[in-house]
Amino acid sequence: MLDLGDYWLVRFCFRRALGLVYLVAFLVAVNQYPALHGEDGILPAADFLDRVAVRDAPGLFQLDASDRALKVCAWAGVGLSTLAVTGLADAFGTPFSMVVWGALWLLYLSFVNAGRTFYGFGWESLLLETGFLAVFLGGMHTAPPDIVVWLLRWVLFRVMFGAGLIKLRGDPCWRDFTCMFYHYETQPMPNPLSWSFDKLPKPLHRASIGVHHVIELVVPFFYFAPRPFAWVAALAGLLTIVYQAWLMVSGNFAWLNALTIVLALSTFDDALFEGLGGFTTPATVPVGTPHQVVIYGLLLLVVVLSYWPVRNLISSSQSMNRSFDPLHLVNTYGAFGSITRERYELVIEGTRDEGEDPEWRTYEFKGKPTDPGKRPPQWAPYHLRLDWQLWFAAMSARPRREWFPRFVEKLLDGNDQVESLLAHDPFPDEPPSRIRVRRYRYEFTSRAEKRETGDWWRREFVNEYYDTASRGTRRSRVF
């Protein structure tokens with residue numbers, strides 16, 4: 001193999017960190033997938049898979065998409081992720097390692113390809129592409145294949161450079177350095193520090209956009225600095241890690257930032273750590289001939305499949321977060337090509353009263369803003385899939401997504417699985433006879449308002465969004 005560096009410690013850290021991301025992803029599946037895509041879920045996976053060919057949505061659930069199968073696969077993913085985190089996945093040789101990491105990839109591919117709307121985020125493909133490459137890194141006692149490490153850098157490059165290009169080509173606020181005037185308030189799910197970030201002086205907001213452009217458009221080219229300039233690649237990786245940490249403390253973006261940090265570990269070289277804290281690279285056996293053949297085959301596959309992502313990157317009509325094959329092997333990425341200027345939220349209320357002036361009770365969610373007095377919570381790297389989709393749904397004045405009426409119907413039915421996705425169900429004993437959805441404009445309070453009221457948000461009613469009558473009649477009105 002080509003001598004591109006030594007990566008035993010890099011592989012050690014990378015795989016354990018990737019195992020943690022996998023663990024979070026499968027715990028999300030355990031807790032949310034039955035409600036979203038189970039037999040009685042909002043969008044049953046079985047209904048979708050019955051309508052598509054296997055080649056268009058490959059995965060284990062083509063064989064069985066029952067609740068039992070979903071739960072078995074989710075918990076199997078949790079178990080295999082635990083092996084990855086503890087290092088046991090790599091302790092018994094390369095064949096065993098490839099089986100464990102290959103099974104993780106196949107299990108998660110099955111969830112993504114059957115998940116559709118609720119699994120249509122860019123970090124799903126990113127986890128699959130990264131997880132697929134991890135299959136070929138070899139067991140603990142085998143020398144890490146340096147080509148695979150550099151293919152991970154290629155993934156990192158597309159994540160960062162794609163995000164930078166989509167900004168320059170997208171919303172003009174990235175070019176006039178004003179996007180951050182709105183971002184912290186209007187991002188999908190603010191976290192506890194978003195309010196404070198929003199209050200930073202405008203010159204700092206403008207300066208931070210300059211940092212965005214440099215880190216995403218210039219730094220990625222240094223990921224590929226070869227020996228004897230390995231420190232340049234490591235510095236580029238370190239800057240990327242610091243940048244992603246900044247994004248993590250200012251918002252909830254599921255595991256996107258965490259996984260990007262994991263990928264940035266590939267920019268380091270063990271030689272930089274030799275002698276540090278007494279570390280020396282352990283003795284390993286060379287990569288065997290069959291494994292070498294597989295690695296070169298993987299390289300050829302990635303080169304061929306990279307045609308479409310590269311073409312997309314250089315296109316003036318660049319797509320954001322797109323997969324070009326159903327296995328999600330080589331994808332294109334991007335983030336925040338446009339920034340919303342105003343934040344809209346859907347407030348969902350129910351009643352059991354039949355009079356002219358009913359008492360409406362509000363459903364509260366785990367992450368998305370509803371109660372103006374509730375501080376935005378920290379959830380990332382855990383992913384609240386329903387809350388995210390409600391952010392998208394609120395962008396339009398009327399429901400335009402097929403899942404939304406089904407979600408409301410599940411609330412009217414008192415569906416326990418769907419209600420588990422909520423922070424508070426105001427009808428724990430008997431479901432409501434009617435649900436209405438109202439659309440509000442939300443804004444962060446000012447410092448003075450925060451001191452006076454304690455509220456994090458102020459809101460203004462915009463329009464009636466959706467109104468569903470009793471469970472028996474199922475009459476619905478879209479205003």
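Biologist: Which helix gives the largest share of the lining of the largest pocket?
Modeller: Helix 6, with four residues. Helices here are DSSP runs of H or I with at least four residues, numbered from the N terminus. This is a predicted model, where local features need pLDDT of at least 70 and side-chain atom pairs pLDDT 80 or more, while totals for chains, interfaces and linings use all residues. Residues are numbered from 1 along each chain as its sequence is written, and side-chain values use heavy atoms, without hydrogens or water.

Biologist: What volume does the largest pocket have?
Modeller: About 740 Å³. Its lining has 38 residues, and Met 320, Asn 321, Gly 334, Ala 335 and Phe 336 are the closest to the centre. A pocket is an open set of points on a 1 Å grid over the protein atoms alone, with protein on both sides within 12 Å along at least five of seven lines; a cavity is a set where a 1.4 Å probe fits but cannot get out, and lining residues have an atom within 4 Å of a point. Points join across faces, edges and corners, and volume is the space filled by probe spheres set on them.

Biologist: Which helices each supply at least two residues of that lining?
Modeller: Helix 5 (122-134), helix 6 (146-169), helix 7 (183-186), helix 9 (202-217), helix 10 (230-250), helix 11 (256-264) and helix 14 (385-393).

Biologist: And how does the lining of the largest pocket split by class?
Modeller: There are 22 nonpolar, 14 polar and two charged residues. Ala, Val, Leu, Ile, Met, Phe, Trp, Tyr, Cys and Pro count as nonpolar, Asp, Glu, Lys and Arg as charged, and the others, including Gly, as polar.

Biologist: Now cavities. How many of 30 Å³ or more are there?
Modeller: The structure has four. About 80 Å³ of space lies in the largest cavity. Its lining is made of 14 residues, with Gly 367, Lys 368, Pro 369, Lys 374 and Pro 377 nearest the centre. In that lining, six residues are nonpolar, two polar and six charged.

Biologist: What lines the second largest cavity?
Modeller: Trp 8, Arg 11, Phe 12, Arg 15, Arg 16, Asp 90 and Met 140 do. The second largest cavity holds about 70 Å³ of space. Three of its lining residues are nonpolar, none polar and four charged.

Biologist: Switching to salt bridges. How many are there?
Modeller: The count is 19, taking a side-chain nitrogen of Lys or Arg within 4 Å of a carboxyl oxygen of Asp or Glu.

Biologist: Are Lys 199 and Asp 198 buried or exposed?
Modeller: Both are buried, that is, under 20% relative accessible area; exposed is over 50%, and partly exposed lies in between (1.4 Å probe, protein chains only). The two side chains meet in a salt bridge, at 3.1 Å from N to O.

Biologist: What about Glu 402, which partner has it?
Modeller: Glu 402 pairs with Arg 406, with the closest N and O atoms 3.6 Å apart. Glu 402 is partly exposed because its relative accessible area is 46%. Arg 406, at 33%, also counts as partly exposed.

Biologist: How far apart are Arg 458 and Glu 449, N to O?
Modeller: They are 2.5 Å apart, in a salt bridge. Arg 458 has a relative accessible area of 32%, so it is partly exposed. Glu 449 is partly exposed too, at 27%.

Biologist: Which residues are joined by salt bridges that share partners?
Modeller: Asp 6, Arg 227 and Asp 269 form one network that way.
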